[in-house]
Amino acid sequence: MKNVKGLSPEVINSFKNKLVGSIVLPSDTTYKETRKVYNAMIDKQPGVFAMCENTADVIASVNFGRDNDLLVAIRGGGHNGAGLGLCNDGLVIDLSGIKFVEVDTQNNTVKVGGGNIWNEVDKATHEFGLAIPSGMVSTTGVGGLTLGGGIGYLTRKYGLTIDNLLEADMVLADGTLVTVNATNNIDLFWAIRGGGGNFGVVTSFTFQAHPVKMVMGGPTLWPIEKVEEIMAWYNTFIQETSENLNGFIATMVIPESPFPAHLHNKKFCGIVWCYVGDPDNFEVLFKPVLALNPVFAHVGEMPYPAIQSMFDGLLPQGLQWYWRADFFNELGPEVRAGHLKFGSSIPTPLSQMHLYPLGGAASRIGAEETPWAYRDAKYAGVYIGVDPDPKNATKITNWCKSYYEALHPYAAGGAYSNFMMEEGQERVKASYKHNYNRLVKIKNTYDPNNLFRVNQNIKP
Ligand SMILES: Cc1cc2nc3c(=O)[nH]c(=O)nc-3n(C[C@H](O)[C@H](O)[C@H](O)COP(=O)(O)OP(=O)(O)OC[C@H]3O[C@@H](n4cnc5c(N)ncnc54)[C@H](O)[C@@H]3O)c2cc1C
């Protein structure tokens, strides 16, 4: 691998002149700002940013990176916890200039740019009473979230984000542009539905959207001491209730706004609900939740983009961030006791644990139909260490690692790749399980020299 510093000014200038977009070098005044990503713990120093404006810019960037033997990173929304949208010394292909949202109301399909964030997509589709299943924080990038899978409020009803991906345009390692879908480049279409950015730079995604306009949503809270009891009840309830109702269970510290004063800065077990369907049926479905006497319940009707962005303000860019994750099939007594222990010792006000329910539509896709191997898992769990102060980086990291080590023996094996840090090859293999070898085969065909290696890497 070469360093950009070793390239002559002529080579850099010739690259710059090929782009409609711009380049950013360490000597530029905008460099410091440009190299920021969501997680402030990430401190990588790329050699050059290619701020792409269109597909031709992406092709020129891929060719430049490959021909000059540079380490290449692809940045979509920049939200990856491990900072996989950046690299040291090499080239960052930044897609934030490739944004568009085209809604086809005849077919309820939506074509989205490779650099969009979900907030932009949600607002555009909401106008037409439509939504695409995505994640739960709307500042997250469409690119990374989709290519890893995509878990959100609509997972049980409409599946993962990848289950709603119909087509993508992508630039391969040799610089060719291809369209992949169920009939064209079938192997690549399979690989990008969970296999991350290993196979090329996606410049556009086409999704199936669904009729979702208003939802019933919001949190219910119980004192942290009740987490074992509530989790045991939840484990049965969420598997048996209507797929129209989603709710992720969490442990968290309650912030000052917008909650009442008697809850502030205390630890709670919470469930954040989102119901999509006939409002008349909600009350009956929700009765068992209220029968558990939550100390706080604030669930009401809201536009879908409102629930999608409910946590955006609480979790802005620039915080220290560390997380660890696992899939779970069961929430047995040992697991519940672990949540009580670690939920009671949450190290900072913004640190939390989330368990997202899978099942429903996501579990009706076969375990080999996409690289997402854990179709039978019931939950995707994640321990999230967050704090504004870099001095607390070690504290939040250690809490996440200890939480993970305590509960991993009861987990399903691998984790959701989008919730992983850089945790080594065995962990990547465990997460793709029986699908790993097929991913390697496709990698060998399209990227044998591993140009796209700054990711949860499928090694050729
Ligand atoms: C606050 C927060 C909340 C989150 N909530 C959820 C959630 O509810 N559900 C969920 O499923 N995930 C969630 N995530 C995880 C999220 O899916 C991952 O962090 C994901 O990697 C972010 O994608 P990005 O494009 O923003 O990231 P980036 O850092 O830009 O990229 C991440 C990876 O994807 C690759 N990549 C990105 N775009 C492209 C592209 N167009 N073509 C090829 N490769 C590309 C990059 O090379 C890199 O390897 C959350 C993350 C954060 C920080």
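What follows is a conversation about how terms are applied to a predicted model.

Colleague: What should I know about the model and its numbering before we start?

Modeller: This is a predicted model, in which local features need pLDDT of at least 70 and side-chain atom pairs count only at pLDDT 80 or more, while totals for chains, interfaces and linings use all residues. Residues are numbered from 1 along each chain as its sequence is written, and side-chain values use heavy atoms, with hydrogens and water left out.

Colleague: Why is Leu292 called buried?

Modeller: Buried means under 20% relative accessible area, exposed over 50%, and partly exposed in between, with a 1.4 Å probe and protein chains only. Leu292 has 17% relative accessibility and therefore counts as buried. Leu292 lies in the loop between helix H9 (282-290) and strand S15 (296-297), where helices (H or I, at least four residues) and strands (E, at least two) are DSSP runs, numbered from the N terminus.

Colleague: How do you know on which side of helix H11 the buried residues lie?

Modeller: In H11 (residues 333-343), the buried residues are Val335, Arg336, Gly338, His339, Phe342 and Gly343. They cover an arc of only 155° around the axis, so they lie on the same side of H11, the arc being that of the directions from the helix axis to the C-beta atoms. Pro333 and Lys341, on the other side of H11, are exposed.

Colleague: How many residues of S19 are buried?

Modeller: In S19 (residues 379-387), 9 of its 9 residues are buried, and both faces are covered, with Tyr379 among the buried residues on one side and Ala380 among those on the other.

Colleague: What span is expected for helix H8, and where does H8 bend?

Modeller: The expected span of a helix is 1.5 Å times one less than its number of residues. Helix H8 (residues 227-240) has 14 residues and reaches 20 Å from its first C-alpha to its last, close to the 20 Å expected.
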